[in-house]
Every structure is written in structure tokens, then in C-alpha cells.
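I opened this structure to go through its parts one by one. My notes follow in the order in which I looked things up.

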Amino acid sequence: MSAPQEPRAPREGRTPRERGQVAVIGAGTMGHGIAQVAAAAGRRVLLHDADPSSLERGLAQVGANLDKGVSLGKVTPGERETVLARVGGADTLADAVREAELVIEAVPEKLELKRALFAAIEPLAPPDALLATNTSSLSIAELARDLERPANLLGLHFFNPVHIMKLVEVVHGPATSEATLEQGVSFVREIGREPIVVRDSPGFASSRLGVALGLEAIRMLEEGVASAEDIDRAMELGYRHPMGPLRLTDLVGLDVRLGISEYLHETLGGERFRPPELLRRMVAEGRLGRKTGHGFHEWNEPD
Ligand SMILES: NC(=O)c1ccc[n+]([C@@H]2O[C@H](COP(=O)([O-])OP(=O)(O)OC[C@H]3O[C@@H](n4cnc5c(N)ncnc54)[C@H](O)[C@@H]3O)[C@@H](O)[C@H]2O)c1
């Protein structure tokens, strides 16, 4: 790592207070992908992580994604170099956000962690900077609660893997301004993604519908309606879903899905999202899906 006070400038060089710069905070699964797609669209990006080794891994992963793109013929070697030149690492939060037009956080899904982070970002970033959270479920209103400028905050919910998935949910909280929403939507289009605009509501649009389908499939399996293979095949062949709901639950992780369904059950009420007994049992037994090799299906290569 370079000197701690100095952000490692993208190799193209920078001018002071450069408009259009994007800061991505959290360089994990989602953060490095967000940095990559923003850079591919021509933005200069500074990536920051509280853990220096995660930052290094995130930057390396951007390179690895681009290498794969080159080997598949989807990215030219020149494009690879250009994108890499636009992404730099910042050792401190202040360095990352000081000149940012847009700050996107992708730190773990914990309300207090994200609130503390935004409280730290707000005085460090330019006053008109757009602040975005990649939360998959947390309330935008709660995240904005202690901010001086809650109108500047919105949700930009990307999907994994970010460099491949086209959808971004643009989530407006009660205090999000129209201008913020418009800038969020146009940023998503600029980076070649498809925005959908969603009100701040548990599970937004994607998780709420996706989890509803997954839970119903688990209840059908519990009731012996059909095998896991056939329930998935029904949706894959009958409804042209690229992947059945049980296989998808295996991919996401049964523990992750259980957490989301508990949250939706708690916040939306009723019985729709009450986690089925089978799901609880499989999680307790450590059958978490692909990452453990066993879920509704068997996976030969655990993650
Ligand atoms: N993984 C997914 O499939 C997925 C999909 C959509 C949305 N999300 C959401 O994206 C967010 C990030 O998820 P992820 O899977 O990328 O997590 P991750 O654990 O892979 O990465 C999080 C990174 O944040 C860093 N971090 C923690 N605290 C920090 C701080 N205070 N400042 C800076 N960096 C910090 C960690 O070191 C880690 O590298 C979560 O809100 C999650 O719900 C995840």
C-alpha cells in the first residue's frame, strides 16, 4: 500500500475536485463490481475498504473479471487497460469521498454500521454529493435519520455479479429529493444498467417477489407436491425462468434467505413470509446450499 495520507490516484491522473468522480466504500463482493461498472462507463472511481487486505483483493478482483472478459472476447485488452486505469484505491474514507460526486456504500448489511458510515461520510464529502446505499433490505428512512441532508440519500441496489447483472433498484426514501432520484436513475442508465424505481418498502421489489416464490416452493416440497427437481423444472420450462426457485435459494444461501424472510415476516406481517419449518431445519443442519455442497440439490463443487 502507498503512503497512508495519499489516495492512490487512478493511473490516468486527476484534477482537483473533479466532477463525476465516484467513491465506492466496501470492496467486497458487491463493491468491487460497482467500481468496475462505473469505471467501464468512463467514471473515475476511488475504492475504499476499512480492511486494507479486502481493498487489495477487491482491486485484484476487478482485474480478474476483466481478464476473464478478455479471454471470452467480451472485453478488448485496450478496454481492460482503460478501465483499470480509472480505478484507484483510497486508504482513508476522507481520501475516497473528498472529491466525489457520488458515494456508494457496499459494507455489510448492518443498520448501525451503515448509519455510522453515512454520518462519517456526510461532512467529508462535497455538500452536493449524492449518497447511495447498496442495501438489499434496510430502510432508507432509517439510514437517513441522522443525516444533515437526507434529501441526498437514495438506494442503488445492484445484483450479484454486478458486472453481469443488468438490474438496479433505485429506492427512494420519504426524504429523498426528486433531483436525487433523477440523478440516481440517470447514473444507472449511464453505466449500462436497467433502473427500476421502488418506494422504500421491506424487500423492495426484487427480494420481496423472489423470496415469496422461493418460500412457496419450499412449502410445496414440505407438502410433497413434487420433488425439488420437478418444482424447479416447472418454473424453468413452464415459465421460462432461467433457474428454478429452489436452485436459486441454494445459490443465494439458505441462511441468507432465512434472514430475509424473517425480516419480511417481521416488517410486513401476516403469514406470507413466515419461514417454513423445512428451511429452518436445513439451516440448523448446515445445509446452506451451494456454499456447503448440500441444499435442495447436491452441489459437487462447494463454493
Ligand atoms: N452479496 C450479494 O449477493 C448482495 C447482493 C445485493 C446487495 N448486497 C448488499 O451489498 C452490501 C455489501 O454486501 P457484500 O456481499 O459485498 O459484502 P462483503 O462482506 O463481501 O463486503 C463488505 C466489505 O465492506 C468492508 N467494510 C466493513 N465495514 C466497513 C467500513 N466501516 N468502511 C469500509 N469498509 C467496510 C469489509 O471489509 C468488506 O470488504 C450489503 O448491504 C448487502 O446486503 C449484497
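Domain bounds here come from an automatic or database domain assignment. On that basis I have the protein chain divided into domain 1 (22–199) and domain 2 (206–292). The model is a predicted one. I took the centres of domain 1 and domain 2 over C-alpha atoms and found them 29 Å apart.

Entry: the ligand.
I looked up what surrounds the ligand and got 23 residues. The closest are Gly-26, Gly-28, Met-30, Ser-54 and Asn-160. Sorted by class, the shell holds 11 nonpolar, nine polar and three charged residues.

Entry: the cis bond.
Asn-160 came up again, this time for its backbone. The peptide bond from Asn-160 to Pro-161 is cis, with omega near 0°. I placed Pro-161 in the loop between β6 (153–158) and β7 (167–172).

Entry: helix α1.
I asked how many residues of α1 are buried. The count is 10 of the 10, so α1 is largely enclosed by the rest of the structure. The list of buried residues reads Gly-31, His-32, Gly-33, Ile-34, Ala-35, Gln-36, Val-37, Ala-38, Ala-39 and Ala-40. Just after α1 I noted Gly-42, which has a positive phi of about 105°.

Entry: helix α2.
I checked the length of α2 (residues 52–71) against its residue count. At 1.5 Å a residue, its 20 residues should span 28 Å, and the end C-alpha atoms are 29 Å apart, which agrees. Next I asked which residues of α2 are buried. They are Leu-55, Gly-58, Leu-59, Val-62, Asn-65 and Leu-66. These cover an arc of only 110° around the axis, which puts them on the same side of α2. On the other side of α2 I listed Ser-53, Ala-60, Ala-64, Lys-68 and Ser-71 as exposed. I then looked for what the buried residues of α2 pack against, and found α1 (31–40), β2 (45–48), α3 (77–86) and β3 (87–90). Just after α2, Gly-73 has a positive phi of about 75°.

Entry: helix α5.
I repeated the check on α5 (residues 111–124), which has 14 residues. From first C-alpha to last α5 reaches 20 Å, close to the 20 Å expected at 1.5 Å a residue. Its buried residues are Lys-114, Leu-117, Phe-118, Ile-121 and Glu-122. Seen down the axis of α5, these fall within an arc of 135°, so they line one face of the helix. Glu-112 and Pro-123, on the other side of α5, are exposed. The buried residues of α5 pack against β1 (22–25), α4 (93–97), β4 (102–105), β5 (130–133) and α6 (140–144).

Entry: Ala-106.
I found Ala-106 in the loop between β4 and α5. Is Ala-106 buried or exposed? With 28 other C-beta atoms within 10 Å, Ala-106 is buried. Leaving out residues up to four places away in sequence, I listed its contacts as Val-24, Ile-25, Gly-26, Gly-28, Met-30, Gly-31, Ile-34 and Asn-134. I also checked Ala-106 against Ala-35: they are 71 residues apart in sequence and 10 Å apart in space, C-alpha to C-alpha.

Phe-204 has a phi near 45°, a positive value in a residue other than glycine. Phe-204 sits in the loop between β8 (194–199) and α8 (206–222). I count Phe-204 as buried because 21 other C-beta atoms lie within 10 Å, and the cut-off for buried is 20 or more.
Arg-240 is also a residue other than glycine with a positive phi, here near 60°. I placed Arg-240 in the loop between α9 (228–238) and α10 (245–252). Arg-240 has 7 C-beta neighbours inside 10 Å and so counts as exposed.

Entry: Thr-292.
Last, I looked up Thr-292, which lies in the segment after α12 (277–284). Thr-292 has 18 C-beta neighbours inside 10 Å and therefore counts as partly exposed. Between Thr-292 and Gly-253, 39 residues apart along the chain, I have a C-alpha separation of 9.0 Å.

Technical notes: Residues numbered from 1 in each chain as written. Predicted model: local features only at pLDDT ≥ 70, side-chain atom pairs only at ≥ 80, totals over all residues. Helix = DSSP H or I, 4+ residues; strand = E, 2+ residues; numbered from the N terminus. Expected span 1.5 Å × (residues − 1). Buried ≥ 20, exposed ≤ 12 C-beta atoms within 10 Å, placed from the backbone. Arc of directions from axis to C-beta. Contact = placed C-beta atoms within 7 Å. Near = placed C-beta within 6 Å. Nonpolar A, V, L, I, M, F, W, Y, C, P; charged D, E, K, R; others polar.
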